Amino acid sequence: MESTLRRTWAEINLDAIAHNYKVIRQKIGSDVKFLGVVKADAYGHGSIQVSKLLQNLGANYLAVSSADEALELRVNGITMPILILGYTPKEQVPRLIEYDITQAITCKAKADEYSAEALRCGGTLKVHIKVDTGMSRLGYLCDNDDFENGVKGIAEACTMPGLNAEGIFTHFAVADEFGEKADNYTKHQFELFTRVIKTVEDRVGHKFKIRHCANTGATARFPETYLDMVRPGLLLYGYGTFAKELGLRPAMTLKTTVSTIKIYPANTAISYGGTYVTEDTTRIGVLPYGYADGFLRSLSNKCSLYTKEGPAKLRGKICMDMCMIEMTNMPTVDVGSEVEIFGEKNSIDDLAECAGTIPYELTCAVSKRVPRVYYQNGEVVEKELMLRF
Ligand SMILES: *Cc1c(COP(=O)(O)O)cnc(C)c1O
């Protein structure tokens, strides 16, 4: 483990996540519950570590995408409520009940299946009903002509034996986009959501304990959408425009080390395909960080990584396990020097823009070969390498 650490590693700053949690908590007030989205291994930060932190900080709920992700948390000492946002095969219902895990209900067919399965094993499954108000992904369709049918299906799910409909939620499609068109879209989604809730509650006399819809964009921009709980992911990890505006801190710093230095004459083609050709005598550093570690190959020749002498340009195609940077005018950057791929100095938002993607994809892409080193109160508290030995 130690020997791998000076290759390429991700520093996860738990203090930054705690800071971000507190700032968001301050913003939403004490009456609104906080659900931390920790799906996909907490966007690459480590779902067990992040969930433990949120549990200690007093967060109210966690969300993951699958039963496996939820069970991993339960097995590792997470006792707070967990909601599965995505698909769970009905065979898993007994385990969800046994481990007190909440499941999203996304349509009539799923409600029927889950109800029957819960009855069969003699338990009650806690569920949150998902309403599709315009994301066009999962959930009961309720817009326009579908309203009556949608409301009917949701009302049914509320009264089905074996199900306890604790919550209801929807997901915004463009809450993080600016302009009147996007704002109106979000407003319409929210208005429809609240209308569905009211109609269902009036019709069946069922009161949803937790109504929620605010993702990162809405948590930052639309306090009127908080209802009973907010549901941010990216904001908690401190990336994106809204995080910057709120003074949040990026949680992950990805670092690598210069492994080898070579000096090439002019007209030397670097890496596969020879896409970069030196113009002059050029000092190149080889970094043990490639697309198998999570570097998007589409960034080849496009971005800079951060050395102690400032940004160094990427030269040539990114390989599976390595990439090359130019360090011609950086004499103090030597073999063994640290290079920041993204983090406090090299903004992940800029890197994502350069790759034509979003910061979510870059932190999720950091592969299991990259050890995570956890910092709390400025000290290393845990090191994790996700390989089997
Ligand atoms: C991923 C996800 C979120 C969190 O989204 P962010 O943009 O990271 O805040 C919230 N709700 C649902 C249903 C999601 O799938």
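A polar contact here means a pair of N or O atoms within 3.5 Å; within protein, one must be able to donate a hydrogen and the other to accept it, and residues adjacent in sequence count only if both atoms are side-chain atoms. This is a predicted model, where local features need pLDDT of at least 70 and side-chain atom pairs count only at pLDDT 80 or more, while totals for chains, interfaces and linings use all residues. Residues are numbered from 1 along each chain as its sequence is written, and side-chain values use heavy atoms, with hydrogens and water left out.

| Residue | Protein atom | Ligand atom | Distance |
|---|---|---|---|
| Lys39 | polar side-chain atom | oxygen | 2.6 Å |
| Leu234 | backbone N or O atom | oxygen | 2.8 Å |
| His171 | polar side-chain atom | nitrogen | 3.4 Å |

On its own the ligand exposes 390 Å², and the protein buries 92% of that (Shrake-Rupley method, 1.4 Å probe; for residues, only the protein chains shown count as cover).

Now for the rings. The whole structure has five aromatic pairs (Phe, Tyr or six-membered Trp rings with centres within 6.5 Å; planes under 30 degrees apart are stacked, over 60 edge-to-face, the rest tilted). Tyr21 and Phe34 have ring centres 4.8 Å apart and planes at 75°, so they pair edge-to-face. Because Tyr21 lies in helix H2 (residues 14-28) and Phe34 in strand S2 (residues 33-37), the pair ties together parts 13 residues apart in sequence (DSSP runs numbered from the N terminus: helices are H or I, at least four residues; strands are E, at least two).
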